[in-house]
Amino acid sequence: MRKLAFLVCLFFLLGGYSFSQIATVDPAAVQKTTLPNGFEVFLIEDHSAPNIFGAVVVKAGGKYDPKDATGMGHYLEHMLFKGTNTMGTSNYEKEKPFLDKIDALYEELGKTTDEVQRKAIQTQINENAVAAAEFAIPNELDRMLESIGSEGVNAFTDYEQIVYHNSFPPNQVEKWLDIYAARFQSPVFRLFQSELETVYEEKNRAMDEFTYKVFQKFIGTFFKNHPYGQQEILGLTDHLKNPSLTKMYDYFNTYYVANNMALVMSGDFESEKILPMIRAKFGVLKQGEVPKFPEYPEAPFKGREYVSGNYTPVKAGIMGFRTVPNGHPDQPALDLVSHLLYNEGETGFLNKLQLDHEVLAALVMAMDYNDHGGNFLIIIPKIIGQSTENAEGLVLAALQKLKNGEFSEATLQAAKLKLRLDFERSLETNNGRGLMMADAFVQGRKWEEFVDYPKKIGMVTKQQVVDAAIKYYGQNYLMFESKMGFPKKEKLEKPGFVAPKPQKEAQSDYARHFYSLPEQQPKAQFVDFEKDFKVLDLGPNARLHHVQ
């Protein structure tokens, strides 16, 4: 056991694992380029593994949805896998009349309230969808990406951004760039009715989760004016029942413009070689005037504002405190406050409440948005013999200990090291770096500032942590209490339509172009046992193989 302990200690010493020695990200590692059309490009070369992560990022999402058509950004994310006027179709000219009719029928459906008339319109939509499907080629984009060895093909929508991403082999970089540029040119929202059912199912699954309902109720009270609280990313039920393809095209034409988009890539490529391809393929995306996002001020809470309802199988509470938006100078100190309250190592003030069985559970959740911020303390009282108000008092007492500075300098240093480690680890993979570049772009922050986070964390003093706790965890907060109850479940009924039968074996004009593009020969990288790692003799029968 002593030898094992010695080896472990030696491993950490040799590995330079002291946090004072962790290498920070070199800002120069990111090559940023802005094309003449305003399209931004972020590149990080990493030749340690034959892999590339790539993504196209759009400054769009839930907060940009029209007030009368929430869920639009998320819907659109789904539809941008359906192809264009040359991709995903065997004959667009013959397909288009049916698609145009479907667009018009959905507009008519949105204006109709009579259920008999609505069903008649939906039947017409289905008839035209079946006819249009004769020319549609489903999942063609996915199959082309699969053909070049792509992994993790996906997309996501949040309040601030919509991101389309996957990983792929380096020798397929030209094909990947080509298809990702093409998918945003003249998209066609075909097979809409089928995708509508997919979105319905996603919404139904969310509504089946009581946590989703509680959060939507809470966030709608916390953000009284901003779309963060007043709009759902998945969309309101009434809006999902009355989708508008016309508004969807308007949304695309407004936000999917070159000067509102970016390409992020991290991995095994040579920037100078792929930049000409990027300029040629993404330089043709159209520019547009993006409307300025309105300001939605949120006033401070007036003391303890109390709201309650019956939403959960057990009683629970959420204490909401207004904090700061992304990039604010106080964010590092607030991150340390959150860690000192609750952390995975179970050393926080709220962890102690739970470990000492004073409450059933207590934890912190931070909502870091571009326009506003909030930190939420989630409390679950003991099921028997404890009220939510009593548990709230215990949490307030724990907060007061933090405000009093009842933590050691060693505890603060441990918190700093953990936050720095988490940040550094997120930069160790191509995916992590790519998504971090996406965040920097969407937040409008310089990469140099973004990756300076570990340094900022290291500079925070104990007094600054105490000051942040006093400033942001004061007497003005929202107390949201959920009493035991089972609210009525909403459900989006899927229309029982005739399923379209698209052409699965056909090939579009774009696909023929795509498969004709050149591919580079893959370069195998083998381990050199003489150079790629070092061997250190520790003593008889003890040898350490290590890589810095």
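Predicted model: local features only at pLDDT ≥ 70, side-chain atom pairs only at ≥ 80, totals over all residues.
## Largest pocket

The largest pocket has a volume of about 1,200 Å³. Its lining counts 44 residues. Closest to the pocket centre are Q331, D335, D368, L419 and Y453.

Helix α16 supplies the largest share, with 8 residues. By class, the lining holds 18 nonpolar, 15 polar and 11 charged residues.

## Helices α6 and α12

Helix α6 spans residues 173–182, and helix α12 spans residues 271–282. Their axes come within 9 Å. The crossing angle is roughly 20 degrees. Angles under 35 degrees count as roughly parallel, so α6 and α12 are roughly parallel to each other. Their crossing is right-handed.

On the α6 side, the contact uses V173, E174, L177, D178, Y180 and A181. On the α12 side, I274, M277, I278, K281 and F282 take part. The contact of α6 with α12 has 8 nonpolar and 3 charged residues, and no polar ones.

## Helices α7 and α8

Helix α7 covers residues 192–208, and helix α8 covers residues 210–222. The two pack at an angle of about 85 degrees, with axes 4 Å apart. Angles of 65 to 115 degrees count as roughly perpendicular, so α7 is roughly perpendicular to α8.

From α7, the residues that meet α8 are K203, A206, M207 and D208. Their partners in α8 are F210, Y212 and K213. The contact of α7 with α8 divides into 4 nonpolar and 3 charged residues, with no polar ones.

## Helices α2 and α11

Helix α2 runs over residues 72–79, and helix α11 over residues 245–255. Their axes come within 10 Å and cross at roughly 85 degrees. That angle makes α2 roughly perpendicular to α11.

Helix α2 brings M72, G73, Y75, L76 and M79 to the contact. Helix α11 brings K247, M248, Y251 and F252. The contact of α2 with α11 comprises 7 nonpolar residues, 1 polar and 1 charged.

Key
Residues numbered from 1 in each chain as written. Heavy atoms only, no water. 1 Å grid on protein atoms, 1.4 Å probe; cavity = no way out; pocket = protein on both sides within 12 Å on 5 of 7 lines; lining within 4 Å. Points joined across faces, edges and corners; volume = space filled by probe spheres on them. Nonpolar A, V, L, I, M, F, W, Y, C, P; charged D, E, K, R; others polar. Axes fitted to C-alpha atoms, helices over the stretch in contact; angles between N-to-C directions. Parallel < 35°, antiparallel > 145°, perpendicular 65-115°, else oblique. Left-handed = near helix turned anticlockwise from the far one by under 90°. Contact = heavy atoms within 4.5 Å.
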